[in-house]
Amino acid sequence: MESTPASSDDTLDQRLRSRLEAQFADAHGELIGTLFYLVGNREDARDALQETFLKCWRHRQQMDQVSNLRAWVFRIALNTGRDCRKAAWNRRRQPILEETEMVSTADSPDAALLRDEQLSVLQAQVLRLREEEREVFLLRQNGDMTYEQIAEAMSLPIGTVKTRMRIAIRQLRESVGGQS
């Protein structure tokens, strides 16, 4: 039985949609976490994630030429997060940083409180990093991406990515008093 052009397009779209949905499902937490740090609140991060998926879908024909789908998705997410942040700034609306619920597995309430406080301080310091260092740090820590993947996602030389990561780590260590 001969396939019609419409049915082969439908099959291609189904294959691309499956790949894209699987990538988003696999990286959902990392994407939301990265977008949260970029835009400053959960609601905008969720909106940016949806917009990221739509942008990926609109450019789905490029997916077959993409060597690293994860890096491609994260690059689009970074650009979408930047756009959302600029839109918020242009509306003169500063993002309100939400309290995030920190879950601790420490044995004692005192230890749990101390750990939650340390995590809150670290989170605040990540938000204070320069945009360039913060993005590299988040892609490495939240996105669990290699330096090579980050370089590809951000269209940067790998040396620049490593330098930005070193700067971010040094600044975070200094700001939290050398605690790791």
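How are α5 and α6 oriented to each other, oblique or roughly perpendicular? In this predicted model, helix α5 (residues 131-141) and helix α6 (residues 147-154) pack at about 130°, and their axes lie 10 Å apart. Angles of 65 to 115 degrees count as roughly perpendicular and those over 145 as roughly antiparallel, so α5 and α6 are oblique to each other. The crossing of α5 past α6 is right-handed. On the α5 side the contact is made by Glu 135, Val 136, Leu 139 and Arg 140, and on the α6 side by Tyr 147, Ile 150 and Met 154. By residue class, this contact of α5 with α6 comprises 5 nonpolar and 2 charged residues, with no polar ones.

The protein as a whole has 7 helices and 0 strands. Read from the N terminus, the order of its elements is α-α-α-α-α-α-α. The protein has 180 residues, of which 36% count as buried. Of the contacts between residues at least 6 apart in sequence, 70% join residues at least 24 apart.

The packing of α6 was also examined against helix α7 (residues 158-175). The axes of α6 and α7 come within 9 Å and cross at roughly 110°. An angle from 65 to 115 degrees counts as roughly perpendicular, and α6 and α7 are therefore roughly perpendicular to each other. In α6, the residues that meet α7 are Tyr 147, Glu 148, Ile 150, Ala 151 and Met 154; their counterparts in α7 are Ile 158, Val 161, Lys 162, Arg 164 and Met 165. The contact of α6 with α7 divides into 7 nonpolar and 3 charged residues, and no polar residue takes part. Tyr 147, Ile 150 and Met 154 of α6 are named in the contact with α5 and again in the contact with α7.

The loop between α6 and α7 contains Ser 155. Most residues other than glycine have a negative phi. Ser 155 is not a glycine, yet its phi is positive, at about 55°. Ser 155 counts as exposed because its relative accessibility is 57%, and the cut-off for that class is over 50%.

A further helix pair is formed by α5 and α7, which pack at an angle of about 95° with their axes 8 Å apart. This angle makes α5 roughly perpendicular to α7. From α5 the contact takes in Glu 132, Glu 133, Val 136, Phe 137, Arg 140 and Gln 141, and from α7 it takes in Val 161, Arg 164, Met 165, Ile 167, Ala 168 and Leu 172. The residues of the contact of α5 with α7 comprise 7 nonpolar, 1 polar and 4 charged. Val 136 and Arg 140 of α5 are listed in this contact and also in that of α5 with α6. Val 161, Arg 164 and Met 165 of α7 are listed here and in the contact with α6.

Glu 133, found in helix α5, counts as buried because its relative accessibility is 2%, and burial requires a value under 20%. With neighbours within four places in sequence left aside, Glu 133 is in contact with Arg 164, Ile 167 and Ala 168. Each of these partners is named among the α7 residues of the contact between α5 and α7.

His 28 lies in helix α1 (residues 5-39) and is partly exposed, with a relative accessible area of 42%. Trp 57 lies in helix α2 (residues 42-58). Between Trp 57 and Leu 16 the C-alpha to C-alpha separation is 8.5 Å, at 41 residues apart in sequence.

The search for disulfides, run over the whole structure, finds 0. Cys 56 is buried, with a relative accessible area of 0%, whereas Cys 84 is partly exposed at 25%.

Terms used: Residues are numbered from 1 along each chain as its sequence is written. This is a predicted model: local features need pLDDT of at least 70, side-chain atom pairs count only at pLDDT 80 or more; totals for chains, interfaces and linings use all residues. Side-chain values use heavy atoms; hydrogens and water are left out. Axes are lines fitted to C-alpha atoms, for helices over the stretch in contact, and angles run from 0 to 180 degrees between N-to-C directions. Helices (H or I, at least four residues) and strands (E, at least two) are DSSP runs, numbered from the N terminus. Angles under 35 degrees count as roughly parallel, over 145 as roughly antiparallel, 65 to 115 as roughly perpendicular and the rest as oblique. A crossing is left-handed if the near helix is turned anticlockwise from the far one by less than a right angle, and right-handed if clockwise. Contact means heavy atoms within 4.5 Å. Ala, Val, Leu, Ile, Met, Phe, Trp, Tyr, Cys and Pro count as nonpolar, Asp, Glu, Lys and Arg as charged, and the others, Gly among them, as polar. A disulfide is a pair of cysteine sulfur atoms within 2.5 Å. Buried means under 20% relative accessible area, exposed over 50%, partly exposed in between (1.4 Å probe, protein chains only).
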